[in-house]
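Here is a short report on a protein model.

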Amino acid sequence: MSTLSEIAGNYDAVLSDVWGVVHNGIAAHPSAVDALLRFRQGGGRVVLITNAPRPSPPIVDMLDRLHVPRDAYDSIVSSGDVTRAMLTPYRGQTLHYVGPVGENDGLFEGLDITPGPAEEARAVIVTDLDNDDQTPDDYNDRITLWLKRKLPMVCANPDRVVEHGEQLIYCGGALADLYEARGGMIRMAGKPYRPIYDEALRRAEMAAGRTVERSRILAIGDSVRTDAIGAANAGLDLLFITGSIHAAELDAFGNPDPQAVRDLVAPSGARLRAFMPRLAW
């Protein structure tokens with residue numbers, strides 16, 4: 001284990017996950033906020049990179065409510081930002097929406113897309129499950145109809161699960177996995193896919209005012225499936241946060257086995273630079 005201060009001198013920029021690193025959906029993690037503030041105060045640039053299925057302005061508002069100061073980051077890139085580009089070909093058409101009602105309206109703003117029933121839709125757009133108590137298996141009957149109509153699925157949130165306080169809840173990526181397993185066609189926005197990293201890297205260089213070598217950029221995240229694989233695909237070092245969705249299996253707050261952490265991350269191909277239960281300076 002290390003702290004960010006021990007390795008910060010090796011990096012000019014950080015691409016940090018948000019949910020599970022900076023906050024848990026209910027409250028900010030003070031040590032993580034402090035670490036990002038100190039990294040920026042030392043001249044580093046911070047781009048928050050999140051699989052939140054909404055455009056970045058509402059995420060800024062959420063961070064404000066959680067008392068994450070804007071001085072802690074230079075920019076935010078969200079899966080919702082990337083999803084909007086993926087939805088552009090569906091202008092003027094009907095899509096079947098799956099997710100919490102009213103939470104992601106900004107995703108469709110200005111795109112002339114009409115949410116409607118699956119029987120009339122050209123595609124399914126998934127942000128998350130309709131409510132936090134559901135599991136992907138609750139959607140099997142609906143999936144049967146989507147498959148019958150050969151509807152492609154655009155998944156705005158590739159995360160399978162996310163930390164919410166002390167609970168783990170299913171996300172859109174879990175439903176997309178089930179749809180694909182049953183033969184459906186899916187398109188995924190966000191991490192670990194390259195478009196969101198390309199945009200995040202562009203933002204980091206804009207903030208720095210110069211080209212930044214990949215070897216001088218550190219990815220920080222709590223998920224092997226999204227953050228570790230995404231870092232590997234983008235050619236970035238990884239600081240892995242063990243105390244979120246993998247906390248129980250890694251005994252993150254007890255006596256974690258460093259080899260167990262390495263073994264968990266290794267299949268991703270990521271260059272594991274350090275790990276810690278919570279991001280801290």
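This report covers the sheet, the hairpin and the cysteines of a predicted model.

**The sheet.** Five strands make an open sheet with parallel pairing. Their order is β5-β4-β6-β7-β10. The edge strands are β5 (114-115) and β10 (186-188), and each pairs on one side only. Helix α5 (residues 140-148) packs on this sheet. Helix α5 touches β4 (94-98), β6 and β7, and its direction makes about 160 degrees with that of β4. Helix α6 (residues 172-181) lies across β4, β6, β7 and β10. Helix α6 runs at about 150 degrees to β7.

| Strands | Sense | Bridges |
|---|---|---|
| β6 (residues 123-126) and β7 (residues 153-155) | parallel | three bridges |
| β8 (residues 161-164) and β9 (residues 167-170) | antiparallel | four bridges |

Val124 stands opposite Met153 in β7. Val161 has Tyr170 in β9 as its bridge partner. Two residues lie between β8 and β9 in their hairpin. Gly165 sits in the turn and has a positive phi of about 65 degrees.

**The cysteines.** How many disulfides does the structure hold? The count is zero. A disulfide is a covalent bond between the sulfur atoms of two cysteines. The cut-off for a disulfide is within 2.5 Å. Cys155 counts as buried because its relative accessibility is 0%. Cys171 is buried too, with a relative accessible area of 3%.

Key
Residues are numbered from 1 along each chain as its sequence is written. This is a predicted model: local features need pLDDT of at least 70, side-chain atom pairs count only at pLDDT 80 or more; totals for chains, interfaces and linings use all residues. Side-chain values use heavy atoms; hydrogens and water are left out. Buried means under 20% relative accessible area, exposed over 50%, partly exposed in between (1.4 Å probe, protein chains only). Two strands pair if DSSP finds at least two bridges between them. Contact means heavy atoms within 4.5 Å. Axes are lines fitted to C-alpha atoms, for helices over the stretch in contact, and angles run from 0 to 180 degrees between N-to-C directions.
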